[in-house]
Amino acid sequence: MTKVSAPYLYRKRGIYYLQKRIPTDLVPHYGANSIQKSLRTRDRAFWMVCIGRL
């Protein structure tokens, strides 16, 4: 398996999370600088499938 560089993914307590920055002009609409979403998986191979759905 090849190693994929994904700086927008991180792991907390074994669960993978996705974090993306919101463009400055859209921050007032969302009320935050970034969006964080749990991928609900501990499996590294499975998170690539999850990212494709987001």
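## Overall make-up

The model is a predicted one. Read from the N terminus, the order of elements is β-β-α-β-α.

The protein has 54 residues, and 22% of them are buried. Its accessible surface comes to about 4,500 Å², with 52% of that area supplied by carbon and sulfur atoms. Of the contacts between residues at least 6 apart in sequence, 39% link residues that are at least 24 apart.

## The sheet

The three strands form an open sheet in the order β1-β2-β3, and the pairing is antiparallel. Strands β1 and β3 stand at the edges and have a single partner strand each, so one side of each lacks a neighbour in the sheet. From one strand to the next, the twist averages 30 degrees. As a general point, the strands of a sheet pair through backbone hydrogen bonds, in either a parallel or an antiparallel sense.

Strand β1 covers residues 9-12 and pairs with β2 over four bridges. Within this pair, lysine 12 has isoleucine 15 of β2 as its bridge partner, and tyrosine 10 stands opposite tyrosine 17 in β2. Strand β3, residues 34-38, pairs with β2 over five bridges, again in the antiparallel sense. Here the bridge partner of leucine 18 is lysine 37 in β3.

## Two arginines with positive phi

Arginine 13 lies in the loop between β1 and β2. These two strands form a hairpin with two residues between them. Arginine 13 is not a glycine, yet its phi is positive, at about 50 degrees. Is the residue buried or exposed? Arginine 13 counts as exposed because its relative accessibility is 69%, and the cut-off for that class is over 50%.

Arginine 40 sits in the loop that runs between β3 and α2, the helix of residues 44-53. This residue also has a positive phi without being a glycine, with a value of about 55 degrees. The relative accessible area of arginine 40 is 73%, so the residue is classed as exposed.

## A nonpolar surface patch

Which residues form the nonpolar patch on the surface? They are Leu26, Tyr30 and Ile35, and together they have about 280 Å² of accessible area. Nonpolar side chains are joined into a patch when they lie within 5 Å, and each residue must have over 30% relative accessible area.

Leucine 26 belongs to the loop between β2 (15-21) and α1 (27-30). Its relative accessible area is 38%, so leucine 26 is partly exposed.

Conventions:
Residues are numbered from 1 along each chain as its sequence is written. This is a predicted model: local features need pLDDT of at least 70, side-chain atom pairs count only at pLDDT 80 or more; totals for chains, interfaces and linings use all residues. Side-chain values use heavy atoms; hydrogens and water are left out. Patches are made of residues with over 30% relative accessible area and no salt bridge: like charges are joined within 9 Å, nonpolar side chains (Val, Leu, Ile, Met, Phe, Trp, Tyr) within 5 Å. Accessible areas come from the Shrake-Rupley method with a 1.4 Å probe; for residues, only the protein chains shown count as cover. A salt bridge is a side-chain nitrogen of Lys or Arg within 4 Å of a carboxyl oxygen of Asp or Glu. Buried means under 20% relative accessible area, exposed over 50%, partly exposed in between (1.4 Å probe, protein chains only). Contact means heavy atoms within 4.5 Å. Two strands pair if DSSP finds at least two bridges between them. Axes are lines fitted to C-alpha atoms, for helices over the stretch in contact, and angles run from 0 to 180 degrees between N-to-C directions.
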